[in-house]
Amino acid sequence: MTADADRTAPALRRWQAIDTAAGGLALDVGLYAVSAAFAAVTAATSTLLPHRAWGTLATIGYALAALAATAQLLTRRRHPGTPLAGLPARWAVTGFAWATTTLLPVVAQSIQRAGGRTDRAQEEVIVVEHAGARLAEHGTPYLGHDAIAALPAGEQLLGYTPYQPGMALFGLPRAVADTWWTDARVWFALATAVALAAAVRTLRTTAGPTAPRPGAAVLRAAQAATVLPICALTLATGGDDLPVLALCLLALALAAAGRPGRAGLAVGAAGALKLFAWPVAVVLVCWAATRRAGLRTALGALGLPVLALLPVLLVDRDALVENVLRFPLGHGLVTSPAQSPFPGHLIASALPGGRLVAAALLAAVGVAIAVRLLRRPPRTAAATALICGYGLLAAILLMPSTRFGYLLYPIVLLVTAPALALAEHHTGTAPGVPFPATGRHGPAGGRRPEA
């Protein structure tokens, strides 16, 4: 959490040595092969039927991608410099892998669910769709305490909507028509694809016309956010975390490009969907403050979530508090099923007063991060991503109630840091690197903009 650009350089160099072995193809083969094994085990052993259905399709997609990457690796060894093993070809295999391991399962499970299969969606999908219907009908996506208590005991968990109000927008299509393309996962996937495409385009076009671009590092970050099983499985079966993550990545890419105002809007949109984006927003505002753009960034980063909360706050304040605060803190009518065996959960369940101990450890981490931000705020988008990644990792491990799938946030943020560092180096937005003499990233004369 205390890493700066200079301190993280050795770690980044070690990662780059692994990442670039055989032109990046060695790690590609490993990624797809290990992912195929993970999907096969999921298909054979998972107790969640949507996960098993995903594993069946994804195993084939990952295996084919592994074969394609292996063929590229062998071709490169025999014919160095062949375009069949170049970066565009690697992007093509990545796109194929995402289509077959994520998008195809999304469509397949949505069609099967529309045809009557009730075991083709996780609870998150149903909760978001119900929230969209309530938003359209009552102006708030939340049920109050009494309304949830009136539900049958087995349905009270689905009565809670522990998300920010913006998440209900993904459920609005289902309120209009009951068909496969109104499944919330279809819209999660669409929003994720748009945000990731914008982030990739931003990182690939930030360099000047003669400067090398961080294409390989951007590809690795895109692979982490798309074909990595923890992301592919999440989007195919539940999906609500991926638009949030994609918008956070877009915000960091815009920060690396020297656009703090737009970065604030992107992370603010993520914060209007889920609380997980709020820590990223706070750290990003601290980064912007080092550029004298803190207020501009905060207007979007903090203003958009507040604007999303105001209408539902006016409609039913108690319902908002019950869903967004009481339930996540363990004070709802039912408890969260998020019980992954991380240290925080083990401490809370095994020790006397364990929940207080876990809460104290979590608070200590929060204080440590706050002190670090106050004493030495991040001066680069890469350092911002590292702080967010390590901070979220610590929080996820120490929270009494958490899910294994939440690890997608720190993993992808940490893998994206090298791409951000390279983009900042080439654009001149990193400290110590002068801005280009012309262009929108900085004024003439090499001075960094102050706002």
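What follows is a conversation about the fold, some helix pairs and a handful of residues.

Q: Before anything else, is this model predicted or experimental?
A: The model is predicted, and the values below are computed from its atoms.

Q: How many helices and strands does the protein chain have?
A: The protein chain has 21 helices and zero strands.

Q: And how much of the protein chain is buried?
A: Of the 451 residues in the protein chain, 52% are buried. The accessible surface of the protein chain comes to about 19700 Å², and carbon and sulfur atoms account for 68% of that surface.

Q: Let's go to packing. At what angle do α2 and α3 cross?
A: The axes of α2 and α3 cross at roughly 160° and come within 7 Å. Since angles over 145 degrees count as roughly antiparallel, α2 is therefore roughly antiparallel to α3. The crossing of α2 and α3 is left-handed.

Q: Which classes of residue make up that contact of α2 with α3?
A: By class, the contact of α2 with α3 holds 18 nonpolar, eight polar and three charged residues.

Q: α3 also packs on α11, so what is the geometry there?
A: Helix α3, residues 49–78, and helix α11, residues 229–237, pack at an angle of about 130°, and their axes are 10 Å apart. That angle makes α3 oblique to α11. The crossing of α3 and α11 is right-handed.

Q: Which residues meet across α3 and α11?
A: From α3 the residues are Pro50, His51, Trp54 and Tyr62, and they meet Pro229, Ala232, Leu233, Ala236 and Thr237 in α11. By class, the contact of α3 with α11 has seven nonpolar and two polar residues, with no charged ones.

Q: Next pair: how do α4 and α10 pack?
A: Helix α4, residues 87–114, and helix α10, residues 215–226, pack at an angle of about 5°, with 10 Å between their axes. That makes α4 roughly parallel to α10. On the α4 side the contact is made by Leu87, Arg90, Trp91, Thr94, Trp98 and Thr102, while α10 contributes Gly215, Ala216, Val218, Leu219, Arg220, Ala222, Gln223 and Thr226. Sorted by class, the contact of α4 with α10 has seven nonpolar, five polar and two charged residues.

Q: What does threonine 94 touch?
A: Not counting residues up to four places away in sequence, threonine 94 touches Tyr32, Leu219, Gln223, Thr226 and Val227.

Q: Where does alanine 270 lie, and what is it in contact with?
A: Alanine 270 lies in helix α13, residues 260–271, and at 0% relative accessibility alanine 270 counts as buried. Leaving aside neighbours within four places in sequence, alanine 270 is in contact with Val244, Leu247, Cys248 and Ala277. The C-alpha atoms of alanine 270 and glycine 166 are separated by 8.7 Å, although the two residues are 104 residues apart along the chain.

Q: Where is alanine 22 found?
A: Alanine 22 is found in the loop between α1 (5–19) and α2 (25–45), and with a relative accessible area of 26% alanine 22 is partly exposed.

Q: And arginine 292, buried or exposed?
A: Arginine 292 sits in the loop between α14 (277–289) and α15 (294–301), and with a relative accessible area of 59% arginine 292 is exposed.

Methods
Residues numbered from 1 in each chain as written. Predicted model: local features only at pLDDT ≥ 70, side-chain atom pairs only at ≥ 80, totals over all residues. Heavy atoms only, no water. Axes fitted to C-alpha atoms, helices over the stretch in contact; angles between N-to-C directions. Helix = DSSP H or I, 4+ residues; strand = E, 2+ residues; numbered from the N terminus. Parallel < 35°, antiparallel > 145°, perpendicular 65-115°, else oblique. Left-handed = near helix turned anticlockwise from the far one by under 90°. Contact = heavy atoms within 4.5 Å. Nonpolar A, V, L, I, M, F, W, Y, C, P; charged D, E, K, R; others polar. Buried < 20%, exposed > 50% of the residue type's maximum accessible area, 1.4 Å probe, protein only. Areas by Shrake-Rupley, 256 points an atom, 1.4 Å probe, with all protein chains shown as cover.
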